[in-house]
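Me: I would like to go through this model with you, step by step. Could you keep the answers plain and give the cut-offs as we go?

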Amino acid sequence: APAAAAVGVAAAPGDSAATAAAAATEGLGERPPAAKELLALIDADASSTGRGAGLSPADRRRVFELAAELEALDGGADAAPGGRGTGSAPLSGMWRLLFQGSPGAEVSAASLESWQKYFAGDGPSPLQNLVTTDTASVGSVYQLLELRNGTAEGTSTGSFLNLIDFSPAGCLEINADLEGEVAPRRLAFRFKGGEFRLRPLWNGTLTLPYPVPFALLGDNAVGWLETLYLDEGLRVSRGNKGSLFVLKRDENSLTAEGSLLQAESEAGGVREDAGSNEGLTKDPIVVCPAQFGTPGDYTSFAAELRSRGHPVFLAPLDKLNWFELVPSFLSKEYWTGELRPGKVLQFYYRALEAAVADARSYLAKRGTGGQIHIVAHSIGGWIARAFMGEVLAPRGELVDVASLVTLGTPHAEPPKGSWMETADQTRGLLKYINSEFPGAFHAGEGVRYISVGGGAVQGGLPLPFGLGGEGAEGGPIERALAWASYLALCGDGGARGDGITPLACALLPGDGVQRVTLRGGADCFHADYLPSPGPSIPLRGAPWYGSGAALDQWLALIQ
């Protein structure tokens, strides 16, 4: 049986779902009394997402009686192969689940009985039971169908994309393909796979695989849906394990729900980096990644910059490079807080040298003049400050650098005399850089300094600790993460910042520095990925310094 509802792609190729449905349903006639009573009984037009869980036993029995009456009317005849149910209408399109249930007693998704019946072939999947019984956690459930005529007579092809919406926390998508011969009014399908789309942090979407090996489930991954009744806005279907489904056409759900359906539609528009600087006429930009960052974490950022005319050169770091820090952990300087960037950050310096050399060569080949802008994210900002002072300046190469832009960089050292100073995460690196190359240190050599910070998240621990303050933006996870990060960086866990770097630390002090505080629609979070010593974790669609209005605001300053 379907794992709750199935969601696919609306309409036939080249037609909108609404147009296809309108054309196919023309002349279907008046809705029969049984269908009207069914809709009234389950309160189809209400905003409730109970899906029948709140009905009395008598009302539930009546739902099944009405479904049987509609089936006796042959209301699903148009769903037969070659009829209106195949091709573009009216079965194709987006449907929202109003009712789901089995004639017997509902079984909790968490119970052992639920799994035993499923694997024995005697009951629906535990996920289907979850949708029916856990109305507090599960929001709307959808079925979007794409149906096409098969290549052989009596067959139908197409797909389901099953979607269960847990917004704002996330959603679950399960895919199924139509396959095999189709009996009158019946669609056969096989589940293929699925994924969770979660939104744990910074309005970004994290994708995780659905942990069910459908390929190993054999016949348990196969099912069918039989259409008992179908008109332009209502569908009543029965699954192969006896579950009854009542659905209402809902073509506007992608924009109306404000859920991850819409969020994923927007995130799908994220630019992918073509990697080519050919034909770009503006000054080149060298990108300095955050801690554990690699060029792969900045491909969308590079694409955005290139789309605005800037050639981009990413410092060629890989994950293994970052492990060159490990020997310093065993040094005396590490434990006394006296590390020096020229010794422990040589791997980063090499990557920056390579990127700057490539940018310089690009300018020479283009032959139209210009300078390099260094754009540094997070700790890449203070590493870039040290690189300019220890590598470029002694060589007289700052003449090629127009500006240094830092994005969410923690420039400030921990408060002096505090326990945070003793536990300094940089082990003296930042203290040294601020001492040797403070503020706009190379402004006299023509380098502009622009530091950018955001205040989208106020740090705070969740109640009952009482340290978070009421009414602050952000969910409990991102506010707690911000509290821990801000506390270590500036001593104030309740400060405002981008979720990692407090605003007070992100704005480089000193004369000659152009400080930019992002506000309103331009405010953003620290990053669109979570770095780690292993693979980074993308947060698709997270607004950060390298996207949307935030990017436009600071980029305009270097034109």
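Me: What should I know about the model before we start?
Reply: The model is predicted, so to speak of local features a pLDDT of at least 70 is needed, side-chain atom pairs count only at pLDDT 80 or more, and totals for chains, interfaces and linings use all residues. Residues are numbered from 1 along each chain as its sequence is written, and side-chain values use heavy atoms, with hydrogens and water left out.

Me: How many helices and strands are there in the protein chain?
Reply: The protein chain has 18 helices and 19 strands. These are DSSP runs numbered from the N terminus, with helices being H or I of at least four residues and strands being E of at least two.

Me: And what percentage of its residues count as buried?
Reply: Of the 559 residues of the protein chain, 52% count as buried. Buried means under 20% relative accessible area, exposed means over 50%, and partly exposed lies in between, with a 1.4 Å probe and protein chains only.

Me: What about contacts between residues at least 6 apart in sequence?
Reply: Among those contacts in the protein chain, 70% join residues at least 24 apart. Contact means heavy atoms within 4.5 Å.

Me: Let us turn to the open sheet of six strands. What is its strand order?
Reply: The order is S11-S10-S12-S13-S14-S17, with parallel pairing. Two strands pair if DSSP finds at least two bridges between them. Strand S11 (312–314) and strand S17 (513–518) are the edge strands, each pairing on one side only. On average, neighbouring strands of this sheet are turned by 20° against each other, direction ignored.

Me: Which helix packs on that sheet?
Reply: Helix H18 (residues 548–555) does, touching strand S10 (285–288), strand S12 (372–377), S13, S14 and S17. The direction of H18 makes about 160° with that of S17. Axes are lines fitted to C-alpha atoms, for helices over the stretch in contact, and angles run from 0 to 180 degrees between N-to-C directions.

Me: How many bridges does S14 form with S13 and with S17?
Reply: Five bridges join strand S13 (residues 401–407) to strand S14 (residues 448–454), and these two run parallel. Leucine 404 has tyrosine 449 in S14 as its bridge partner. S14 and S17 also pair in the parallel sense, over six bridges, and glycine 454 stands opposite leucine 518 in S17.

Me: Why is S14 described as largely enclosed?
Reply: Six of the seven residues of S14 are buried, so the strand is largely enclosed by the rest of the structure.

Me: Back to H18. How do H8 and H18 cross?
Reply: The axes of helix H8 (residues 299–307) and H18 come within 12 Å and cross at roughly 55°. The two helices are therefore oblique to each other; angles under 35 degrees count as roughly parallel, over 145 as roughly antiparallel, 65 to 115 as roughly perpendicular and the rest as oblique.

Me: Which residues meet there?
Reply: Phe301, Glu304 and Leu305 in H8 meet Leu551, Trp554 and Leu555 in H18. The residues of this contact divide into five nonpolar, no polar and one charged.  Ala, Val, Leu, Ile, Met, Phe, Trp, Tyr, Cys and Pro count as nonpolar, Asp, Glu, Lys and Arg as charged, and the others, Gly among them, as polar.

Me: New topic: S7. Which strands does S7 join by bridges?
Reply: Five bridges join strand S5 (residues 186–201) to S7, running antiparallel, with leucine 187 partnered by leucine 225 in S7. Five bridges also join S7 to strand S8 (residues 234–239), again antiparallel, and a hairpin through three residues connects S7 to S8.

Me: Where is glycine 499, and what does it touch?
Reply: Glycine 499 is in the loop between strand S16 (496–497) and helix H17 (503–506). Not counting residues up to four places away in sequence, glycine 499 touches Trp202, Val457, Leu481, Ala482 and Tyr486. Glycine 499 has 0% relative accessibility and therefore counts as buried.

Me: Which phi value does serine 378 have?
Reply: Phi of serine 378 is near 55°, a positive value in a residue other than glycine. Most residues other than glycine have a negative phi. Serine 378 lies in the loop between S12 and helix H13 (380–395).
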